[in-house]
Amino acid sequence: MRGTEIDRYQNEIIRALRSTGVQTVCCVPLITHGQAFGTLNVASRRDDAFSPQDVELLQQVAAQIAIAVENALAFKEIDALKNKLAEEKLYLEEEIRSEFNFEEIVGESPALKRALAQVELAAPAGTSVLLLGETGTGKELFARAIHNLSPRRDRTFVKINCAAIPSGLLESELFGHERGAFTGAVSQKIGRFELADRGTLFLDEVGDLPLELQPKLLRVLQEQEFERLGGNRTQRVDVRVVAATNVDLSQRVAERAFRSDLYYRLNVFPIQIPALRERPEDIPLLVRYFVQKFSSQLNKDVEYIPADAMDALAHYSWPGNVRELENLLERAVLLSPGRELRVPVTELKSTAISSASPGADSSSSFAPFTSPTSSTSSISTLEEAERQHILRALKQTQWRIAGPKGAAVLLGMKRTTLQARMRKLGIRRPV
């Protein structure tokens, strides 16, 4: 307030006190650590009611009150921090329980390597990152990689899917709310931005953020501050935002469904994540990885993948990307009664990748798998296909079985499993 406003305010207080008969007021400051944060006020209807001794006593009382108030404020702050830690703990436990799609990024294709190189460039900086890619390409996995390679790796990684939460609740989820902010708000709620303080917040499907919330998100990105829903106290945070979308945000801007200033703020460092059909050479690696993963999780003993099954997987276009591949292989492992993977190839529609695609050559990819029947000819055909596939792998590795460049690794088998299959199929190294 300006000086004239302060004088007017003080005069109003004096008039109010005199109207009740108050003649004398003694104001003693409450001081802690050399700073005053309030006053102890004692009033009397008598003139000259306070002697120097009274003032000295009030100063001693004020010193004790200052300590008590300071402790109360400290306890309140500790309680708020404890609540925040409890919320964060619950969130992290929920994250642990809900296992994310991938444990590591799998692949060696040039397209994937280009995207990972951009991750390495962006991660150490504090700039906003916008992950662009189709549904199922692993945007959350890339966001986690950015967080884990950044100086914030020891703090919390918090995620929220803007498309999965009703627009009426999204503001509360992002920024929190105070008790009584709306019907049903029976207690204070800490939002995702506060949970991610000094960490990373992953905004998935940011293109679905309601238009009315976009200015508030822009303010947090620019000023690192916001107010909880129903509150008037400004919360300051230090949060790095990684956003992701599977829609063309520039088109949404042109349609006025997305603010241009927010788009430019999010699009500081865009990273394009390739679709699975753009990196077909990674499919065999992903298949082996997921089969091993689900065999362990589901207590199955799947040890090898028929040549024709791998070929069908390698030549499918995967419109649902890695997520579709993962879900199919989980079901395949579950349905496989023995050590051989049984792939439900009827689910793979006729949208095949050209056999001339990189990484889809006959030495490392396979054709549609048919389950063995009681027919002798079917069984012999399957065994012969497996025999030829193993022979191709052995010739490619110059008959080296074990080691990182051996046929067992190329085929996605254990060394002992490959040796057993070779004995069964009568495969011997030529003299």
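This is a predicted model: local features need pLDDT of at least 70, side-chain atom pairs count only at pLDDT 80 or more; totals for chains, interfaces and linings use all residues.
Which residues of helix H7 (residues 214-223) are buried? They are Gln 214, Lys 216, Leu 217, Leu 218, Val 220 and Leu 221, where buried means under 20% relative accessible area, exposed over 50% and partly exposed in between, with a 1.4 Å probe and protein chains only.

Residues are numbered from 1 along each chain as its sequence is written, and side-chain values use heavy atoms, with hydrogens and water left out.

Helices (H or I, at least four residues) and strands (E, at least two) are DSSP runs, numbered from the N terminus. The cover over the buried residues of H7 includes helix H5 (167-175), H6, strand E5 (200-204), E6, strand E8 (240-245) and helix H9 (260-266), and after H7 comes Gln 224, with a positive phi near 60 degrees.

Now to the rings: those of Phe, Tyr and Trp (its six-membered ring) pair if their centres lie within 6.5 Å, and planes under 30 degrees apart count as stacked, over 60 as edge-to-face and the rest as tilted. By this rule there are 8 aromatic pairs. In one of them, Phe 193 and Phe 226 have ring centres 6.2 Å apart and planes at 45 degrees, so the pair is tilted. Because Phe 193 lies in helix H6 (residues 192-195) and Phe 226 in strand E6 (residues 225-227), the pair ties together parts that are 33 residues apart in sequence.

Technical notes
Contact means heavy atoms within 4.5 Å.
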